[in-house]
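Dear colleague,

Please find below the structure that I am handing over to you.

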Number of protein chains: 2
Amino acid sequence: MPSTSAAPRRITALAGGIGGARFVRGLIAAAPGAEVTVIGNTGDDIWIHGLRVCPDLDTVMYTLGGGISEERGWGREDETFTVKDELAAYGVEPAWFGLGDRDIGTHLVRTQMLNAGYPLSAVTQALCARWQPGVRLLPMTDERAETHVVVNVRDGDGRRAIHFQEWWVRYQARLEAHAIVLVGADDAKPGPGVVEAIEGADVVVLPPSNPVVSIGTILQVPGIRESLLRTPAPVVGVSPIVGGRPVRGMADACLTAIGVQTTAAAVAAHYGSRSSGSGILDGWLVDTSDRDAVAAVEALGIACESRPLLMSDLLSTTAMATAALALAEHNAVP
Amino acid sequence: MPSTSAAPRRITALAGGIGGARFVRGLIAAAPGAEVTVIGNTGDDIWIHGLRVCPDLDTVMYTLGGGISEERGWGREDETFTVKDELAAYGVEPAWFGLGDRDIGTHLVRTQMLNAGYPLSAVTQALCARWQPGVRLLPMTDERAETHVVVNVRDGDGRRAIHFQEWWVRYQARLEAHAIVLVGADDAKPGPGVVEAIEGADVVVLPPSNPVVSIGTILQVPGIRESLLRTPAPVVGVSPIVGGRPVRGMADACLTAIGVQTTAAAVAAHYGSRSSGSGILDGWLVDTSDRDAVAAVEALGIACESRPLLMSDLLSTTAMATAALALAEHNAVP
């Protein structure tokens with residue numbers, strides 16, 4: 001019997017790493033049969049020991065394809081680090097990046113395809129042929145655009161920009177960040193299918209990914225923000241901040257760097273309201289512990305509801321996704 | 001008390017993989033305190049999954065540096081093949097090459113240095129800084145010159161050239177070889193220090209390496225054969241053929257491909273005699289089981305003796321090296 005509900009057929013999500021990937025699991029469960037497209041952040045991408053590593057794309061691919069280490073939230077399950085130990089024995093830098101042996105298989109295939117001239121989007125599609133993540137995974141751009149963080153020079157007065165991964169992994173985001181910059185953004189364009197996926201969707205969702213270095217990075221690719229303003233689909237987001245703290249990761253350090261408070265309402269205000277012309281959101285989900293923020297968010301012109309936002313298992317994650325889709329449906333342009 | 005013997009101070013050996021490497025162990029033991037230079041074959045080198053692999057250089061480096069798998073005779077001890085399995089899971093070719101995880105550490109360092117513009121000789125020196133092989137290891141050339149084998153097209157009339165590694169590893173040298181060609185030889189020149197190591201040596205030794213695709217390949221680099229003809233040092237070789245069979249590997253298939261019989265005497269004749277102007281040898285060691293060949297080799301103008309030529313342990317290998325050095329000393333130009 002065909003469904004008579006208005007269940008969305010085409011859902012597009014912008015995603016960073018583990019938070020975005022887990023939320024998309026819930027989306028798939030909440031909307032069975034829907035075509036889900038994930039636009040992945042590539043600002044974290046980095047050349048390590050001559051290998052092209054795409055942490056967020058791989059996290060989405062492994063998480064949805066059943067290969068992720070659930071415990072770590074990045075990289076492969078049953079991972080070993082033999083190659084990393086060998087590189088350390090040779091004394092080559094950097095030694096701080098967690099390059100697993102299984103993971104290196106992925107990086108070798110990617111690097112060789114890139115060096116042969118394939119764009120990252122084609123490479124990602126080829127890798128997904130193995131993992132079958134159940135979504136269409138599109139890099140935000142095929143161009144090289146990498147997030148760098150401006151920090152103080154150690155024992156000096158000046159400042160220098162280091163790669164986001166060095167700041168995040170090596171320094172655990174503990175170095176004060178004066179600015180976060182997407183190097184190469186000016187020359188980047190949305191990857192193949194990205195604009196079409198946003199403008200052709202029934203719903204666009206912003207999962208609880210990092211609003212600065214995941215979603216924020218995707219929005220910096222010229223054309224993507226414009227496409228979110230233009231799409232007829234409702235755009236709804238899920239707060240990554242619960243009770244004034246990031247649920248996972250160090251988003252607070254990133255928000256501080258761009259002068260945004262670490263609260264659910266401040267992040268909504270940072271994204272801005274489509275109806276008022278200040279930004280990209282039609283709807284925003286906050287955690288039940290942040291229900292006091294609902295009125296403030298609605299005052300911005302963004303529909304807002306509070307729900308439990310902890311992705312502790314697939315059931316709770318599916319409930320979150322269902323709530324996000326319902327919020328979108330209620331706020332769709334008729 | 002300083003030695004009063006005429007022990008050579010500077011020994012230069014041309015070497016392929018495991019046979020050459022093990023013989024050099026014996027040389028080091030036979031001539032303590034000597035400066036040993038090994039000129040390594042790079043005709044086997046290959047790009048695999050975007051990694052530059054130098055099987056013979058690595059075998060020498062690992063064997064003399066204590067990292068070799070003694071059992072396999074190539075690659076690292078305690079090796080795992082996780083990355084190889086992952087590449088196979090992606091379905092990328094070639095799947096027949098034994099790419100170990102520990103080994104990949106070496107290949108990543110090498111590939112990144114080569115891509116950064118360092119010549120192979122500098123890369124090899126950098127890798128040896130870790131392994132401390134106790135010899136100076138020089139690639140025969142810094143240029144890319146790779147051995148290819150001409151075989152029949154399967155199910156067809158034509159012929160095609162495949163990389164030596166494919167013939168050797170994938171097909172176990174079982175495809176009939178119509179020719180063995182060093183592609184790129186015309187543009188290759190001896191690597192830094194190679195000619196000086198040959199012309200400045202007290203003794204030049206050809207270990208029992210493959211006379212076609214190891215020693216023969218080195219001799220094809222323009223300038224190296226000329227340097228062996230010119231050096232004031234005696235040049236002595238050790239037969240890799242014992243009792244009409246290669247001691248190790250499939251040298252018979254290679255000899256057949258170039259029209260040379262698989263006998264100790266035929267290999268000596270193939271190398272030729274310096275004194276008669278037909279080649280590069282002053283002396284040649286054959287196995288005791290080939291003592292009947294001694295007269296035939298001497299008739300070519302090459303000093304010849306028979307000794308046990310099985311490198312079953314360091315003691316027997318050292319005895320072989322001692323015999324080779326003694327043969328050289330007796331045949332040195334006064």
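Predicted model: local features only at pLDDT ≥ 70, side-chain atom pairs only at ≥ 80, totals over all residues.

**Where the two chains meet**

Two packed helices are described by the angle between their axes and the distance between the axes. On the α4(A) side, the contact is made by D101(A), R102(A), I104(A), G105(A), L108(A) and V109(A), and on the α3(B) side by T82(B), V83(B), E86(B) and L87(B). Sorted by class, the residues of this contact are 5 nonpolar, 2 polar and 3 charged.

The crossing of α3(A) and α4(B) is right-handed. Here α3(A) contributes T82(A), V83(A), E86(A), L87(A) and Y90(A), while α4(B) contributes D101(B), R102(B), I104(B), G105(B), L108(B) and V109(B). The contact of α3(A) with α4(B) holds 6 nonpolar, 2 polar and 3 charged residues.

Taken as a whole, the contact between the chains draws 20 residues from chain B and 20 residues from chain A. On the side of chain B that touches chain A, α3 and α4 (101-115) of chain B each supply at least two residues. The largest share of that side, 9 residues, comes from α4(B). The residues on this side of chain B divide into 8 nonpolar, 8 polar and 4 charged.

**The sheet of chain B**

In chain B, 7 strands form an open sheet with parallel pairing, in the order β5-β2-β1-β9-β10-β13-β14. Which strands stand at the edges? They are β5 (136-139) and β14 (303-307) of chain B; each has a single partner strand, so one side of each is left without a neighbour in the sheet. On average, neighbouring strands of this sheet are turned by 20° against each other, direction ignored. As an example of the pairing, strand β10 (residues 235-238) and strand β13 (residues 283-287) of chain B pair in the parallel sense over 3 bridges. In one of these, V236(B) has G283(B) in β13(B) as its bridge partner.

**The domains of chain A**

Chain A is divided into domain 1 (10-43 + 188-330) and domain 2 (146-183). The centres of these domains of chain A, taken over C-alpha atoms, are separated by 26 Å. Where they touch, 10 residues of domain 1 are in contact with 8 residues of domain 2. Helix α10 (residues 251-257) of chain A gives the most to the domain 1 side of this contact, with 3 residues. That side of domain 1 has 7 nonpolar and 3 polar residues, and no charged residues.

Yours sincerely

How values were computed. Residues numbered from 1 in each chain as written. Chains lettered and ligands numbered in written order. Pairing = 2+ DSSP bridges. Helix = DSSP H or I, 4+ residues; strand = E, 2+ residues; numbered from the N terminus. Axes fitted to C-alpha atoms, helices over the stretch in contact; angles between N-to-C directions. Contact = placed C-beta atoms within 7 Å. Nonpolar A, V, L, I, M, F, W, Y, C, P; charged D, E, K, R; others polar. Domains from an automatic or database assignment. Left-handed = near helix turned anticlockwise from the far one by under 90°.
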